[in-house]
Amino acid sequence: MKPPAFAYYRPETVQEALQLLQKVNDAKILAGGQSLIPMLNMRLARPAAVIDINRLRELTEIQEYPDHLLVGALVRHYQLMESPLVRRFAPVVAEAERHIGHAAIRTRGTIGGSLSHADPAAELPLLATLGDWELHVASATGARVIPAREFFLGYLMTALGADELVTHIRVPKATGVSRFSEFALRAGDFALVSAAVSLNLDAHQKIDHLRLALGGVGETPWREPAIEAHYRGSEASPNLWTVIATEVADLIDPPEDLHASAAYRRQLARALLEKTLAETAADARQTLTKGGPAS
Ligand SMILES: Cc1cc2nc3c(=O)[nH]c(=O)nc-3n(C[C@H](O)[C@H](O)[C@H](O)COP(=O)(O)OP(=O)(O)OC[C@H]3O[C@@H](n4cnc5c(N)ncnc54)[C@H](O)[C@@H]3O)c2cc1C
């Protein structure tokens, strides 16, 4: 199918894009187009205008600051996978990027587009939730910062206003060892369920930092800081990973669709979380003993 007719704008600067967003009614931002173009072609989206932000060079860089990376919204998936800064300071992002679609999709799709699209099965919203990323958002009348856990409101729904543009994403440098796993029916498909863990152990093999997040088990990425706090100070052991994964699997309320039943998704969440906890703990032990992760 072909999309319905729309007006097309191609601003050269962020300022110009923000003015267009304020002035033009019913406009959609076009970044990599890997989600928007299929939605236009299938007529699931029918905006009156499209504002193509691909010429906004201000949004294409990854900058390093003492405790975080500032990633421009137009940074593409493949850049996140290959960037030495991302590999060094947020290696779980580079790891997860390998699972996103195929090479052509990773060449065009952007971090800002992926977060703004807010698919609950997508990798970057999950990592944003795990890593407490912050979205820097601007409009013609001002700017604000939205923590990732307040950004995702529901299935394909975010806290973004119609006149707002995500300009940058603040990605804190990793303080724990992090790992990511997912299960998809075919390579390149969206995951049925994904899991991400961030963990540190103290010298006595006890947990001193723990974060857990799941994707594909609800309308937004799942994370529950009260559970993380509960297990701080616990001794790391395979039995503990089973206990945590079972508790989390009992808490979530996964959806049912033509790809998987709710019970299957719950079982996947339990298995992936247990596996990811064990792998992260193995890396964390290596960090303690040899001063570096296993892989
Ligand atoms: C076959 C296929 C397989 C895929 N598999 C995966 C997968 O496994 N995992 C995964 O995560 N993704 C997958 N994707 C989606 C891909 O990652 C997209 O790149 C991503 O979801 C959207 O990024 P984009 O830059 O292409 O955004 P676009 O498609 O251009 O835009 C998406 C939405 O975000 C809005 N938007 C874009 N940029 C901004 C901004 N800076 N500020 C505010 N709003 C903005 C747009 O208006 C639109 O509503 C797949 C896509 C395809 C076609």
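How many helices and strands does the secondary structure of the protein chain come to? The count is 12 helices and 13 strands, where helices (H or I, at least four residues) and strands (E, at least two) are DSSP runs numbered from the N terminus. The radius of gyration, taken over C-alpha atoms, is 20 Å, close to the 19 Å of the globule rule (2.2 Å times the number of residues to the power 0.38) for 295 residues, so the chain is as compact as a globular protein of that length.

This is a predicted model: local features need pLDDT of at least 70, side-chain atom pairs count only at pLDDT 80 or more, and totals for chains, interfaces and linings use all residues. Residues are numbered from 1 along each chain as its sequence is written.

Three strands form an open sheet in the order 1-3-2, with parallel pairing; two strands pair if DSSP finds at least two bridges between them.

Axes here are lines fitted to C-alpha atoms, for helices over the stretch in contact, and angles run from 0 to 180 degrees between N-to-C directions.

Strand 1 is joined to strand 3 (residues 49–52) by 3 bridges, and Y9 stands opposite I51 in strand 3. Helix 1 (residues 14–23) lies across strand 1, strand 2 and strand 3, running at about 170° to strand 3; residues are in contact if their C-beta atoms, placed from the backbone, lie within 7 Å.

Note on methods:
Two residues are in contact if their C-beta atoms, placed from the backbone, lie within 7 Å.
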